[in-house]
Amino acid sequence: MRKMIWGAAVSGAFAALALAVGAAQAAEPKFTPGPCAGDYSGVANQIQCGTLTVDETRGGPSPRRVALPVTIVKASAPRPGAVPVIYLHGGPGGGVVETLGRSLRGVPGRELIAVDQDWIYFDQRGGGVASPTLDCGGVALNDAGPLSDAAAQQLIACGRRLKASGVDLSRYNAEEVVKDIQDLRKTLGLKQVDLFGVSYGTRIALDVVRHDPTGVRAVVLDSPWTPEAKWAQGGPEMISDAVKVIFKRCAEDAACNAKYPHPGADLDGVAAKLLAGPVVQNGQTYTADLLGGFLMDAAYSGPDARALPATAARFAAGDLSALDDTRAGAGYREAQFFTHLCKEELPFESREATRKGAQRDPVSRLAEKSFDRLFQVCQAYPVGAPDPVEAQPISSPIPTLFLAAEIDPGCPPAVAKAAVGRFPKGQLSIVPNTTHGVSRGSACARKMIRGFLADPTAPIDQSCLHPEHDRFEFDLN
């Protein structure tokens, strides 16, 4: 599961190019240099941009093409013999190129990206500012599912509109993205690459390893999500487990425990109230679905997780306004989110087991309906027959670094623990007291990644985890 997404409106120049590509006849994959989708002012690295165009349906009769925006960040001090890194964004339904400049200007980006290797970014088909983009216009949806019955109906209608417009929804999934990655590598003339996946991008990276690992030297998986992991089945409990870890850390922290001695009870109390029925406050309606979705996002986010004991106390005092932003959803290209889930995740899970597992405790019950709506929406998405191989574990001799956050409601560390043993050259680091997307929040993780990419055969040095990650720093305001 699998957040870590970015996305915004496409720039005028790229939109014009995308429209032109959409009208083109089917042809061989092609990379065309062109304008950048994004602001790179203040970035020291040289930036090169363009568009990869490929058939929507490879080998089929349709002339429809898809346009994938590409950004290449050149290394500031190239290492002799270094191969480029292809970055795989999360979601599904995310994007990366339009807001990449902001990441490059920040400290995490400067410490990790394009220091001694070129890094290559692209928006996966259907996501970000790719064309077509499978956008539903902003729906109350996050990784816990549609946050209302109305949102589910909007998503169903969106899928029908896209199909009626001629989009082949069966061609927006991990296996097709694997082909796009290999087309990108070939059209750029690259013999070898490293892969860096974050969140659901790790699922894409692992499908490259499964379906076509040609030219892949090494793989980094930040917050791993594996094909055999279950998205909805067990999802409500994963949210609850992550919240429990945060509150356990609060109990172990003298200052947090003194100010917020019972955050679990505070949260259970408001959960019980909302499970009994919606609450109207200051003209806003608050539901159990909304609180469940909020907790999913809060436990993903370092700042929100550090503030969660304080937020739970405000909930208990009757102030539910922290839930307001959750109504806007997660910023997905929502239909692309579902073309992936309905093809490679939900067909291999039990709707009944999802409902049953959600009954475990008050927090897990909050997310029961939203996760259940995932199955409802998938019934309306014509994504083609599922391939059973997409639910099978992967093994590979390719050197692979698994980096998991200790606190993660979507990609819990147990997923990485279960997978790494199938990789003879796999290495695992579970970064304590941190949240989803460890490379963004941990200087130590960035150091480990750079060391691994410099020599994927050498054991990673985890000594930097201490003292950097010895404590979970709470926001007690």
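A polar atom in the side chain of Ser 364 lies 2.8 Å from the backbone oxygen of Ala 358. A polar contact is a pair of N or O atoms within 3.5 Å; within protein, one atom must be able to donate a hydrogen and the other to accept it, and residues adjacent in sequence count only if both atoms are side-chain atoms. The model is predicted, so local features need pLDDT of at least 70 and side-chain atom pairs count only at pLDDT 80 or more, while totals for chains, interfaces and linings use all residues. Residues are numbered from 1 along each chain as its sequence is written, and side-chain values use heavy atoms, with hydrogens and water left out.

**Exercise 1. The surroundings of Ser 364**

Determine in which helix Ser 364 lies, whether Ser 364 is buried or exposed, and which residues Ser 364 is in contact with beyond its neighbours within four places in sequence.

Step 1. Ser 364 belongs to helix α15, residues 362-366. Helices (H or I, at least four residues) and strands (E, at least two) are DSSP runs numbered from the N terminus.

Step 2. The relative accessible area of Ser 364 is 0%, so this residue is buried. The cut-offs are under 20% for buried and over 50% for exposed, with partly exposed in between (1.4 Å probe, protein chains only).

Step 3. With neighbours within four places in sequence set aside, the contacts of Ser 364 are Pro 236, Glu 237, Ser 240, Gly 357, Ala 358 and Gln 359. Contact means heavy atoms within 4.5 Å.

**Exercise 2. The sheet and its edges**

Give the order of the strands in the open sheet, and explain why one side of each of β1 and β13 is left without a neighbour.

Step 1. The sheet is open and has 9 strands, ordered β1-β2-β3-β5-β4-β8-β9-β12-β13, with mixed pairing. Two strands pair if DSSP finds at least two bridges between them.

Step 2. The edges are taken by β1 (30-33) and β13 (426-435); each has a single partner strand, so one of its sides has no neighbour in the sheet.

Step 3. On average, neighbouring strands of this sheet are turned by 20° against each other, direction ignored.

**Exercise 3. Strand β3 and its partners**

In which sense do β2 and β3 pair, and how many residues of β3 are buried?

Step 1. β2 (residues 47-55) and β3 (residues 65-73) are antiparallel partners, paired over 9 bridges. Opposite Leu 68 of β3 stands Leu 52, and opposite Ala 67 of β3 stands Thr 53.

Step 2. β3 also pairs with β5 in the antiparallel sense, over 4 bridges; there, Val 70 has Phe 122 of β5 as its bridge partner.

Step 3. In β3, 9 of 9 residues are buried. Arg 65, Ala 67, Pro 69, Thr 71 and Val 73 point one way, and Val 66, Leu 68, Val 70 and Ile 72 point the other way.

**Exercise 4. Strand β12**

Which strands are joined to β12 in the parallel sense?

Step 1. β9 (residues 216-222) runs parallel to β12 and is joined to it by 4 bridges; Val 219 has Thr 400 in β12 as its bridge partner.

Step 2. β13 is also parallel to β12, with 7 bridges between them; Ala 405 has Val 431 in β13 as its bridge partner.

**Exercise 5. Crossing helices**

For the pairs α5 with α6, α13 with α16 and α7 with α12, describe the packing and the classes of the residues in contact. Axes are lines fitted to C-alpha atoms, for helices over the stretch in contact, and angles run from 0 to 180 degrees between N-to-C directions. Angles under 35 degrees count as roughly parallel, over 145 as roughly antiparallel, 65 to 115 as roughly perpendicular and the rest as oblique. Ala, Val, Leu, Ile, Met, Phe, Trp, Tyr, Cys and Pro count as nonpolar, Asp, Glu, Lys and Arg as charged, and the others, Gly among them, as polar.

Step 1. The axes of α5 (174-187) and α6 (residues 200-211) come within 9 Å and cross at roughly 75°, and these helices are therefore roughly perpendicular. Residues of α5 in this contact include Val 177, Val 178 and Ile 181, which meet α6 residues including Ile 204 and Val 208. The contact has 6 nonpolar, 2 polar and 3 charged residues.

Step 2. α13 (residues 334-344) packs on α16 (residues 368-378) at about 90°, with axes 10 Å apart, which makes the two roughly perpendicular. Phe 337, Phe 338, Leu 341 and Cys 342 of α13 make the contact with Leu 374, Val 377 and Cys 378 of α16; 7 are nonpolar, none polar and none charged.

Step 3. α7 (residues 235-252) and α12 (residues 308-316) have axes 10 Å apart at about 100°, and are roughly perpendicular. Val 243, Ile 246, Phe 247 and Cys 250 of α7 meet Leu 308, Pro 309 and Ala 312 of α12, giving 7 nonpolar, no polar and no charged residues.
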